Every structure is written in C-alpha cells, then in structure tokens.
Amino acid sequence: SWKRTLGSLGNWLIQTTLRLPVSDTQCGFKLFRSSTTRQLFIKQRRLDWAFDFEILYVAHRSGLKITELPVRWVNNFDSKVTLWGYVTTLMAVFSVKYHYWKGDYSL
C-alpha cells in the first residue's frame, strides 16, 4: 500500500538525515524520565506528527540515553493519515535539522 511505502521512505529519510539510534521514530509509545522531560520539551518547535523525531533528535544531540524496547502493535487500518500528512512530516525532517543548525535546541 502507499502508506507502507511512504512510511518506509519516511523512516529511511529520518534515519539518513537525523542519524537517530532508534529504528522506529514514529511509534506512538514514548517514555521519558521526569528529570529530563522539561528540558527537552521546552525546546520543541514541532506541534505536528514530527514532534516524535524532533524530541528524539534533541535528546540524542544532548547526549541523553535513548533505549528502544519492543511493544506489541496492532495496525489501525482506519488511520486518518493522509498523503499530505506524510509529505509534511517528511518536510519536517529538514525543519528539525534547520532548527538544530540555528542553535534552537541547545540545552
């Protein structure tokens, strides 16, 4: 399906551009230590689907430890994700990189 293809392309682009030590940045399950949550989210610029990899990127570039654990996932075939949603998320990868270069994510 086109969603699977674009999802794979997006994951490849995120991994190639941001070099995150996470295989699935868009998985909806995230857990943060309370001691680091505020310092990460105060730097957040993205209020869309890209916040996942933005926060992971800020954490990674700040030297915080990121651990990926397996979860059981059931795909929702009634997903409301549109083609435009994929396009804007892919463009957001470059927005995150731009904010990093500008120094917006310095902790």
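Okay, a definition to start: a patch here is built from residues with over 30% relative accessible area and no salt bridge, joining like charges within 9 Å and nonpolar side chains (Val, Leu, Ile, Met, Phe, Trp, Tyr) within 5 Å. A salt bridge, in turn, is a side-chain nitrogen of Lys or Arg within 4 Å of a carboxyl oxygen of Asp or Glu. The areas are Shrake-Rupley with a 1.4 Å probe, and for residues only the protein chains shown count as cover.

Housekeeping next. This is a predicted model, where local features need pLDDT of at least 70 and side-chain atom pairs count only at pLDDT 80 or more, while totals for chains, interfaces and linings use all residues. Numbering runs from 1 along each chain as its sequence is written, and side-chain values use heavy atoms, with hydrogens and water left out.

So, the overall picture. We've got 4 helices and 0 strands, with helices being DSSP runs of H or I, at least four residues, and strands runs of E, at least two, numbered from the N terminus. The C-alpha trace spans about 40 × 30 × 20 Å along its principal axes.

W2, L83, W84, V87 and M91 make a nonpolar one of about 550 Å², and helix 4, residues 83-102, supplies the largest share, 4 residues. W2 sits over in helix 1, residues 2-18.

Now the inside. A nonpolar core is a set of buried Ala, Val, Leu, Ile, Met, Phe, Trp, Tyr and Cys residues joined through side-chain atoms within 4.5 Å. The largest one has 18 residues, and I14, L18, L20, F53, Y57, V93 and V96 touch the most other members. Helix 1, helix 3 (51-61) and helix 4 each give two or more residues, with helix 3 giving the largest share, 6.

Helix 3 is mostly covered, with 8 of its 11 residues buried, F53 among them. Its cover includes helix 1, helix 2 (34-41) and helix 4. Beyond neighbours within four places in sequence, F53 is in contact (heavy atoms within 4.5 Å) with residues including I14, T25, Q26, T89 and V96. After helix 3 comes G63, with a positive phi near 80°.

Terms used:
Buried means under 20% relative accessible area, exposed over 50%, partly exposed in between (1.4 Å probe, protein chains only).
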